[in-house]
Amino acid sequence: MLEKMDLFFENRLEGYEEHMLSEIEGAREFYPFTAGRLPAGEGCEILDLGCGTGLELDAYFSRCPQGRVTGIDLSAAMLGALADKFSGKCQDGSLCLIHGSYFDVPLGEEAFDAAVSVESLHHFTKKQKLLLYRKLWQALKKNGIFILTDYFAESEELEKEYFRIYERMKKEQGITDGGFYHYDTPLTVEHETEVLKEAGFSRVRILKSWGATYTLEAER
């Protein structure tokens with residue numbers, strides 16, 4: 001059964017981090033690798049889309065204690081766990097947490113040195129991502145970067161199959177509200193790259209991969 005996205009993660013908060021680190025191929029390596037690609041200068045402004053409990057931020061703040069991060073997530077429970085983990089940074093304003101959808105939250109213009117998203121964006125269509133990535137492009141400073149670490153479909157046929165199954169499940173459950181429901185619908189790396197370039201990013205390259213998970217770097 002499909003579950004609302006925020007409730008899906010709220011119901012799995014206990015044990016979430018251990019699950020992510022133990023059950024996803026390469027996770028113990030790709031979280032710190034992703035953090036290591038982010039700028040670490042004093043006062044750097046980082047945007048984290050779908051920050052969850054902040055596994056990538058564990059590594060980032062260890063490397064860059066003076067960094068400033070704005071994190072957006074649909075799950076209030078996940079944000080609560082992240083706030084508990086970094087209570088001091090929340091209090092001093094170096095970690096700002098926003099409860100909401102990154103599709104709806106205003107991101108501003110040329111506000112961030114870099115953006116990051118880890119294992120969050122594989123639930124959306126090319127059309128949805130294009131709108132988000134255009135907004136993200138505007139939110140990055142000149143020469144800013146977007147580091148995307150996510151799970152991708154192995155082929156175009158498999159990508160189409162994921163979306164077919166998702167639409168069938170919504171129909172079977174009578175879901176018509178247009179909300180976000182948890183089901184993996186990853187694009188191929190090639191299609192993800194096409195969407196990023198269409199949104200305005202000048203160069204997109206693969207940095208590393210672990211099974212079906214890839215880290216991409218997109219330059220504004």
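# A guided tour of the chain

Start with Glu110, which is partly exposed, with a relative accessible area of 40%. (Buried means under 20% relative accessible area, exposed over 50%, and partly exposed in between, using a 1.4 Å probe and protein chains only.) Glu110 sits in the loop between strand E3 (95–99) and strand E4 (112–118). Its phi is positive, about 50 degrees, although Glu110 is not a glycine. Most residues other than glycine have a negative phi.

Before you go on, note that this is a predicted model, where local features need pLDDT of at least 70, side-chain atom pairs count only at pLDDT 80 or more, and totals for chains, interfaces and linings use all residues. Residues are numbered from 1 along each chain as its sequence is written, and side-chain values use heavy atoms, with hydrogens and water left out.

**Zoom out**

Show the whole protein chain. Its secondary structure comes to nine helices and seven strands. (Helices, H or I with at least four residues, and strands, E with at least two, are DSSP runs numbered from the N terminus.) The C-alpha trace spans about 50 × 40 × 30 Å along its principal axes. Of the 220 residues, 49% count as buried.

**Select Asn143**

Asn143 is found in strand E5. Buried or exposed? Asn143 counts as exposed, at 71% relative accessibility. Phi of Asn143 is near 70 degrees, a positive value in a residue other than glycine.

**Select H2 and H3**

Pick helix H2 (residues 16–23) and helix H3 (residues 27–36). Their axes come within 6 Å and cross at roughly 105 degrees. (Axes are lines fitted to C-alpha atoms, for helices over the stretch in contact, and angles run from 0 to 180 degrees between N-to-C directions.) That makes H2 roughly perpendicular to H3. (Angles under 35 degrees count as roughly parallel, over 145 as roughly antiparallel, 65 to 115 as roughly perpendicular, and the rest as oblique.)

Now show side chains. Glu18, Met20, Leu21 and Ser22 in H2 meet Ala27, Arg28 and Tyr31 in H3. (Contact means heavy atoms within 4.5 Å.) By class, this contact of H2 with H3 has four nonpolar, one polar and two charged residues. (Ala, Val, Leu, Ile, Met, Phe, Trp, Tyr, Cys and Pro count as nonpolar; Asp, Glu, Lys and Arg as charged; the others, Gly among them, as polar.)

**Select H7 and H9**

Move to helix H7 (residues 126–139) and helix H9 (residues 189–198). They pack at an angle of about 40 degrees, with axes 8 Å apart. That makes H7 oblique to H9. Which residues of H7 meet H9? Lys126, Lys129, Leu130, Tyr133 and Arg134 do, and their partners in H9 include His191, Glu192 and Val195.

**Select Thr213**

Thr213 lies in strand E7. Thr213 is buried, with a relative accessible area of 4%. Not counting residues up to four places away in sequence, Thr213 touches several residues, among them Ile24, Phe30, Glu119 and Lys208.

**Last stop: Asp92**

Find Asp92 in helix H6 (residues 87–92). Asp92 is exposed, with a relative accessible area of 53%.
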